[in-house]
Amino acid sequence: MATVGLIGTFDTKRVECEYLAARIRARGAAVLTIDVGPLSDAETDVTAADVARAAGEDIADLRRRADRGAAMDVMARGAAAVVAARARGGDIDAVLAAGGSGGSSVASRAMRALPVGFPKLLVSTMACGDVSPYVGQTDIAMVYSVVDVAGINSVSSQVFGNAAAAAAGMAEEYERRRAEGGRQAKPVVALSMFGLTTPAVDEAREVLDGLGYETLVFHATGSGGRALEKLAADGRLAGVLDLTTTELADELVGGILTAGPDRLTAAGAAGIPQVVSFGALDMVNFGPREDVPERFEGRTFVVHNPVVTLMRTTPEENAELGRRIGEKALGARGPVALVLPLRGVSGIDAEAGPFRDEEADAVLFEAVRRTVAGSPAGDVRIVECDAHINDPGFGARSARLLHRMIEESAPAGRSGSAA
């Protein structure tokens, strides 16, 4: 029978949690109750004491300290450990929670510990605004509670009933997939793309598709890069073709499309083969032209559209970007190839293009060479191409290189490709 893990603060939302549990059971699914209320003494399947223990804490100590903020952080860590372990063990097939800001914070942290594709549904008072702190880079589905999660009434009964039915249905579907083995027919490769690197990525994708891979393309807009990192960390990828690393420029300079300091690290930590290039590192992204910070006046800009303004990176910024990419490559546990498009890194960093700056590009590439050469020998290759990133052949060459690296990294007797 499909089972829904029901996360709740049973010290403050017991009535609502019991209602949800009853509605899930009415839909034919089982329920595993997980209590994240630090003051709760409810007899749930996973008690508040169990959750605190999973975070390495004692519930009695939490109560003595009487710091609810600290206690909720402990319960969030514990809940994440509990649901991850229960999901791995096949004890649950979906996760459902309902709460206000505090409960949503705890439940969503637990949900973010689960892999993409595992059903996650959160009914929240916070679902009508910016939900990015709750969702992160996962596939959490959020439902606005409309009224507060405070009792069962004519509105909440409908919202909760719908959520319970949805969670039960998702659990049933996930259980079916799990019973069938949940195996992917093809190895998966992630690619990063921007509008100004599209020709290269399209060409690479066509080659990889032909080699028998399933290709996932991520738009390098900050959230796309974080999603790519999440899938790599989850172990879902056979390889990464990171042709578009522009988010690193936004992180360095202060643009709006940063993917954070951990961009370009998850695949390396997981030992996944990577081919990395320098797509769109010639630019930092801002909103409308009038919103660009005054400190950047005098720089070179291109108004991409009414809501996106691009700013050319300087040689100094490119030197730092090259150093950072080289260091991230050297820190990888798996094979890495850095592919240098010597004639330009984006559609507007081409001959006669508005961002063409041979000095800045040369500094970028030299910083990469120097960083890799000046560190202990590692499994990092530098491949120099006398071509623009969007020239015919660049994407295909990068794709075939990644394919070879995946094949070479595959355990004996098992090919990394379905071809």
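User: Which residues line the second largest pocket?

Analyst: This is a predicted model, where local features need pLDDT of at least 70, side-chain atom pairs count only at pLDDT 80 or more, and totals for chains, interfaces and linings use all residues. Residues are numbered from 1 along each chain as its sequence is written, and side-chain values use heavy atoms, with hydrogens and water left out. A pocket is an open set of points on a 1 Å grid over the protein atoms alone, where a 1.4 Å probe fits, with protein on both sides within 12 Å along at least five of seven lines; lining residues have an atom within 4 Å of a point. The lining is Arg-112, Gly-136, Gln-137, Thr-138, Arg-226, Glu-229, Lys-230, Ala-233, Ala-259, Gly-260, Asp-262 and Arg-263.

User: Which helix gives the largest share of that lining?

Analyst: Helices are DSSP runs (H or I, at least four residues), numbered from the N terminus. Four residues of the lining come from the helix with the largest share, residues 223-233. That is helix H9.

User: How many residues of the lining of the second largest pocket are charged?

Analyst: Asp, Glu, Lys and Arg count as charged. The lining also holds two nonpolar and four polar residues. The charged ones number six.

User: Which residue forms a salt bridge with Glu-173?

Analyst: A salt bridge is a side-chain nitrogen of Lys or Arg within 4 Å of a carboxyl oxygen of Asp or Glu. Here the closest N and O atoms are 2.5 Å apart. Both partners lie in helix H7, three residues apart, about one turn of the helix. The partner is Arg-176.

User: How many salt bridges does the structure hold?

Analyst: The Glu-173 pair with Arg-176 is a salt bridge. The structure holds 31.

Methods
Helices (H or I, at least four residues) and strands (E, at least two) are DSSP runs, numbered from the N terminus.
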